Amino acid sequence: MDLAAKLADVVGAGNVLTGADASEDYSHDETLSADPVRPAYVVRPASAAEVADILRAATEAATPVTARGSGSGLSGAAVPRENGILVSFDRMNKVIEIDTDNHVAVVQPGVTLQELEDRTAEVGLVYPVYPGELSASLGGTAATNAGGMRAVKYGVTRHHVLGLEAVLPTGEVLRTGGKYVKASTGYDLTQLIVGSEGTLALITEATLRLQPRVAHQATVLAPFADLDAVVRAVPKVVGSGLAPLILEYIDAMTMGAITYTADLQLGIPDQVRDTSQAYLVVMLENRDGDRLDADVEAVGTLLSELGAVDAYVLPGPSARKLIEAREKAFFTAKGAGADEIIDTVLPRASLPEFMAKVTAVAQANESFVVGCGHAGDGNVHLAVFQKDAEKRSATLRGLFEAGMALGGAISGEHGIGHAKKQYFLDLEDPAKIDLMRRIKQAFDPAGILNPGVLFD
């Protein structure tokens with residue numbers, strides 16, 4: 001029996017797509033620099049047992065397997081191999097349970113952030129990881145350890161994944177962790193699989209920590225005369241005890257682009273806007289409205305002391321539109337012709353030095369680099385405009401080297417995937433790379449899971 005017939009026996013002939021029957025959407029994610037690839041097979045399982053049978057068949061046939069959620073990733077990790085199987089989790093899209101006593105959700109990997117947001121809102125809880133694309137799937141965000149704007153307060157995906165059901169390429173089904181919040185029992189397999197970009201196992205169920213939903217929010221927008229003043233203000237805001245929900249920096253070029261694209265008027269006087277080089281966006285939340293008002297006043301005073309030209313409390317609709325526009329900054333940059341988007345992360349106190357190096361690297365390679373970022377957790381998102389492949393590569397390498405020299409890492413939340421693999425292999429500690437390869441070998445001895453991601 002050939003592989004196509006075996007896969008059809010597992011999931012049904014209607015859930016195995018080949019050739020033109022497989023949508024073009026399956027050939028790519030949102031990465032700018034990875035070419036689309038049509039897989040030999042798109043397989044749509046409905047259970048962990050079916051995933052196990054698919055992986056057993058793939059191992060026997062030595063056929064590569066790539067997992068795909070919503071395809072919203074930015075590293076190329078969901079781009080399949082031409083001769084391989086793409087496992088699409090769009091049929092495994094059930095919210096299995098919202099446990100209000102243990103404050104957890106149990107979900108299948110195809111559930112989107114928006115679907116979980118709607119279900120948790122009904123019971124006054126929230127899944128606080130907010131990577132910006134609500135169509136993203138929970139399985140995909142766990143596989144890439146997605147972060148987002150709320151990470152400054154709540155952390156990233158791995159801080160909220162309490163347990164997993166995952167399938168090894170040998171067909172074994174693992175359960176790791178559970179509805180408890182701590183454990184000292186052997187290796188933490190949950191956290192090893194989270195962020196592994198589909199190279200160790202395929203996630204078929206996740207148990208997620210939920211938080212109480214806070215009723216009151218306010219957003220303060222503070223323009224600064226220069227970017228250096230903005231990034232120097234960040235550690236002071238984080239250390240103020242005001243616990244911002246969101247703390248974002250946006251340079252003037254990016255702010256102009258996203259507000260223009262969103263047709264957003266923020267009420268900033270022309271003179272202030274024309275002389276401002278960067279902005280801080282500070283969102284606060286509190287369960288008590290009066291306490292929130294006091295916090296807003298305190299953050300406004302603090303920002304003024306730190307060099308802000310002014311501080312504007314945005315009306316609710318304007319605040320929501322600004323946050324939405326910031327979330328879509330990637331698509332704004334893409335529409336403007338950006339050639340690559342990176343998400344270097346470093347200690348937030350090193351942001352001023354890093355941003356100075358960004359300017360130097362861009363000038364040395366005749367590149368145009370602009371951006372924004374999750375300043376509160378040191379995660380800088382930069383759009384690189386450089387059509388020449390050699391100069392673009394030199395720019396990226398220079399930016400990654402600058403971040404790592406300051407104690408940072410190549411990617412804070414998008415992952416390595418195909419797009420940043422060579423920089424990862426060239427710049428990371430060889431001892432760490434060797435250990436990761438041995439871990440990969442232990443999980444996936446046949447090497448079928450997402451070959452070409454992380455490693456050659």
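Asn145 is buried, with a relative accessible area of 12%; buried means under 20% relative accessible area, exposed over 50%, and partly exposed in between (1.4 Å probe, protein chains only). The phi of Asn145 is near 50°, a positive value in a residue other than glycine. Asn145 sits in the loop between H4 and helix H5 (151-154). Helices (H or I, at least four residues) and strands (E, at least two) are DSSP runs, numbered from the N terminus.

The model is predicted: local features need pLDDT of at least 70, side-chain atom pairs count only at pLDDT 80 or more, and totals for chains, interfaces and linings use all residues. Residues are numbered from 1 along each chain as its sequence is written, and side-chain values use heavy atoms, with hydrogens and water left out.

The protein chain holds 16 helices and 18 strands. Its radius of gyration is 22 Å, close to the 23 Å that the globule rule gives for 456 residues, so the chain is as compact as a globular protein of that length. The radius is taken over C-alpha atoms, and the rule is 2.2 Å times the number of residues to the power 0.38. Along the principal axes, the C-alpha atoms fill a box of roughly 75 × 55 × 45 Å. Of the 456 residues, 55% count as buried. Among contacts (heavy atoms within 4.5 Å) between residues at least 6 apart in sequence, 75% join residues at least 24 apart.

Helix H4 (residues 138-144) contains Gly140. Gly140 is partly exposed, with a relative accessible area of 27%. The C-alpha atoms of Gly140 and Ala166 are separated by 13 Å, and the two residues are 26 apart along the chain.

Two further helices were compared with their expected span, 1.5 Å times one less than the number of residues. Helix H2 (residues 48-61) has 14 residues and reaches 20 Å from its first C-alpha to its last, close to the 20 Å expected. Its buried residues include Glu50, Val51, Ile54 and Leu55. Ala62 follows H2 and has a positive phi, near 55°. Helix H11 (residues 316-327) has 12 residues and should span 16 Å; its end C-alpha atoms are 16 Å apart, which agrees. Leu322, Ile323 and Arg326 are among the buried residues of H11.

Glu366 also has a positive phi, about 55°, although it is not a glycine. Glu366 lies in the loop between helix H13 (351-364) and strand E17 (368-374). Glu366 is exposed, with a relative accessible area of 57%.
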